[in-house]
Amino acid sequence: MSLSLALIFGLIFSRFAKKVGLPAVTAYLVAGVCLGPYCLGRIGIGGFGFNSGSYINNFEILSSLALGFIAFTIGNEFKLKELKTMGKQAITVGILQAVITTVLVDIVLILFHFLNPDIISLPVAIVLGAIAAATAPAATLMVVKQYKAEGPLKKLLLMVVAIDDAVGLVLFSVSFGIAGAVEKGVLNVASMIFNPLIELVLSCLIGCISGYLLTILERFFHSRSKRLSLVVGFVMLICSLSMIEIHAGSIIIKSSLLLVCMLSGTTFCNTCPASDEIFDRLDRWTAPICILFFVISGAELDFAILGNPLVLLIGAIYIIARSAGKISGSYISTRMTGCSPEIQKYLGITLLPQAGVALGMANESLVLNEGKVICNIILFSVFVYELIGPALTKMALMKAGEIEPEGRRSARQVNNNP
């Protein structure tokens with residue numbers, strides 16, 4: 001009942017959102033807030049909304065699957081013909097803007113620490129700087145799909161979002177190691193170097209091998225429904241593989257769900273002749289799962305943190321510094337790589353949404369003495385970014401001329417923008 005109401009509420013809210021020109025993603029998040037523990041869920045009637053955080057955690061597997069399907073779909077953007085024309089730009093921009101964002105947020109928060117050491121500690125400042133690099137691929141992709149965006153900004157955006165999260169994982173691992181050393185007085189160089197390296201290499205291996213195996217198995221099935229079922233089963237399999245962790249002292253052997261699924265999708269789209277048709281059918285099949293993902297994400301937003309002035313203060317500084325870092329970093333890197341004026345102007349705005357990856361990094365920070373502070377600040381920033389980020393992404397793509405104004409397009413028509 002909770003899932004059925006979540007799906008229905010999300011769809012109904014999306015109709016209201018269209019009336020005021022907001023993306024459907026924002027409507028799904030608001031629907032989740034309304035069904036969450038701070039609204040209808042507070043009534044406590046079983047099945048009528050999400051009545052507690054622990055109850056929402058029961059649907060964590062659904063959220064992980066949705067992220068897996070979203071990452072697999074983003075992998076379809078890394079076709080060889082696209083990589084030949086935009087690959088160098090995407091890699092350069094993806095790395096530079098993430099590093100610039102982390103450096104800027106670190107500088108601002110570390111300065112704030114030295115000015116007010118009682119408000120924010122040095123480890124918290126360092127970890128928040130690394131988390132700032134991460135961007136939410138789910139919200140970005142949903143906006144692109146809803147408005148059928150097409151053009152150079154959209155193509156570069158989806159590539160950069162994928163690369164951005166890979167860079168963010170490395171930055172976080174290194175920064176987390178430094179923060180732990182500052183807090184405990186012991187620097188574990190092995191975990192700082194090997195943990196991100198193992199995660200990246202293992203993700204690449206699992207992703208590429210699974211994508212190629214999927215291509216081989218697809219040849220044995222000719223029915224569209226069976227090929228779709230095969231792809232769904234494979235994405236579910238690699239999602240489960242990416243959740244396995246093996247601890248060997250301070251070394252953690254694991255892979256990234258987003259990277260594994262993205263690389264699997266990339267390998268599949270470049271090796272399977274029928275990939276375009278399969279991806280199209282997969283998009284339709286996963287639509288309800290993606291809606292549920294955002295409604296559940298909205299229900300997870302914790303309004304209790306809004307009553308903590310300390311979280312609001314540091315959160316506001318974090319949001320301003322991160323936004324400045326994303327926009328300036330994107331402008332500098334796109335200008336260096338010779339991108340068009342439209343991309344230089346609007347790419348940074350489209351990279352502002354932040355959610356699942358950032359929350360995952362924040363949860364890993366709980367082992368620090370002030371890990372709870374980091375989680376609360378990221379929860380606040382996610383609350384802000386998820387509600388306004390999709391609308392800003394839509395605005396940027398519209399200003400760049402890659403989506404048509406609302407009311408001039410139909411879901412039954414293809415956007416023919418160049």
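**Exercises on a predicted chain**

The chain has an accessible surface of about 18000 Å², and 67% of this belongs to carbon and sulfur atoms (areas by the Shrake-Rupley method with a 1.4 Å probe; for residues, only the protein chains shown count as cover). The model is predicted, so local features need pLDDT of at least 70 and side-chain atom pairs count only at pLDDT 80 or more, while totals for chains, interfaces and linings use all residues. Residues are numbered from 1 along each chain as its sequence is written, and side-chain values use heavy atoms, with hydrogens and water left out.

**Exercise 1.** Compare the radius of gyration of the chain with that of a compact globule.

*Solution.* Step one: the radius is taken over C-alpha atoms, and the globule rule is 2.2 Å times the number of residues to the power 0.38. Step two: for 418 residues a compact globule would have a value near 22 Å. Step three: the chain has 21 Å, which agrees. The C-alpha trace spans about 60 × 50 × 45 Å along its principal axes.

**Exercise 2.** Find the number of disulfides.

*Solution.* Step one: a disulfide is a pair of cysteine sulfur atoms within 2.5 Å. Step two: for Cys-208 the closest cysteine sulfur is in Cys-204, at 6.0 Å, too far for a bond. Step three: Cys-272 is in no disulfide either, as the nearest cysteine sulfur, that of Cys-269, is 9.6 Å away. The count by this rule is zero.

**Exercise 3.** Decide whether Cys-208 and Cys-272 are buried, partly exposed or exposed.

*Solution.* Step one: buried means under 20% relative accessible area, exposed over 50%, and partly exposed in between (1.4 Å probe, protein chains only). Step two: Cys-208 has 37% and is partly exposed. Step three: Cys-272 has 4% and counts as buried. In the chain, buried residues make up 55% of the 418.
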